Amino acid sequence: MKRKACMIISLLAVIITVLNVAFFVKDEFFYSMDDLPEGKLLRKEVNQNILFSTGYLLEIYEIPASDKHPPAIRVAARNDRTGRERTVYWQIGTRESLVYWPEEEENTVYINGVPVNYVNGHYDCRDYRNFAYIPKDDGVAGGF
């Protein structure tokens, strides 16, 4: 009986360890923009030309700091015509959100200096070392 109990306890310990490792690997390497906290709506950013032509506007959310993470900004692109909404920008460690809509670049908006295709692209700070955007050196000076 003692041997059976030890065997069951050992088996449970192995199962729990394997599950913990599996969830750690999932959380560390496989993350999604859909799993982000909602946050508090700060404002809606609208470019009248884009809103009237394609129906897109941006909703900017602030996520306050907690014990688990620093403050963050989440930006969702919403299409008024289709009702489709998705997160296009995620940056931790900031509360600022400067938005610039360049006229010469189609479907692009700059959020805190980061170019984002609001129709089908996104920016996730977790994809960059030290969680900071590093622009490509294309020889063009100045940015926007």
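Let's start with burial: the protein chain has 144 residues, and 32% of them count as buried. Please keep in mind that this is a predicted model. As for the surface, the accessible area of the protein chain is about 10200 Å², and carbon and sulfur atoms account for 57% of that.

Now the secondary structure. What do we have in the way of helices and strands? The protein chain contains 2 helices and 8 strands. Reading from the N terminus, the order is α-β-α-β-β-β-β-β-β-β. On contacts, if we take those between residues at least 6 apart in sequence, 41% join residues at least 24 apart.

On to the backbone details I promised. As a reminder, most residues other than glycine have a negative phi. Asn-107, however, has a positive phi, near 60°. You'll find Asn-107 in the loop between strand 5, residues 99–100, and strand 6, residues 108–111. Is Asn-107 buried, partly exposed or exposed? Its relative accessible area is 22%, so Asn-107 is partly exposed, given that buried means under 20%.

Asn-112 is not a glycine either, and has a positive phi of about 50°. With a relative accessibility of 27%, Asn-112 also counts as partly exposed.

That's my tour, and I'm happy to go back to any part of it.

Key
Residues are numbered from 1 along each chain as its sequence is written. This is a predicted model: local features need pLDDT of at least 70, side-chain atom pairs count only at pLDDT 80 or more; totals for chains, interfaces and linings use all residues. Side-chain values use heavy atoms; hydrogens and water are left out. Helices (H or I, at least four residues) and strands (E, at least two) are DSSP runs, numbered from the N terminus. Buried means under 20% relative accessible area, exposed over 50%, partly exposed in between (1.4 Å probe, protein chains only). Contact means heavy atoms within 4.5 Å. Accessible areas come from the Shrake-Rupley method with a 1.4 Å probe; for residues, only the protein chains shown count as cover.
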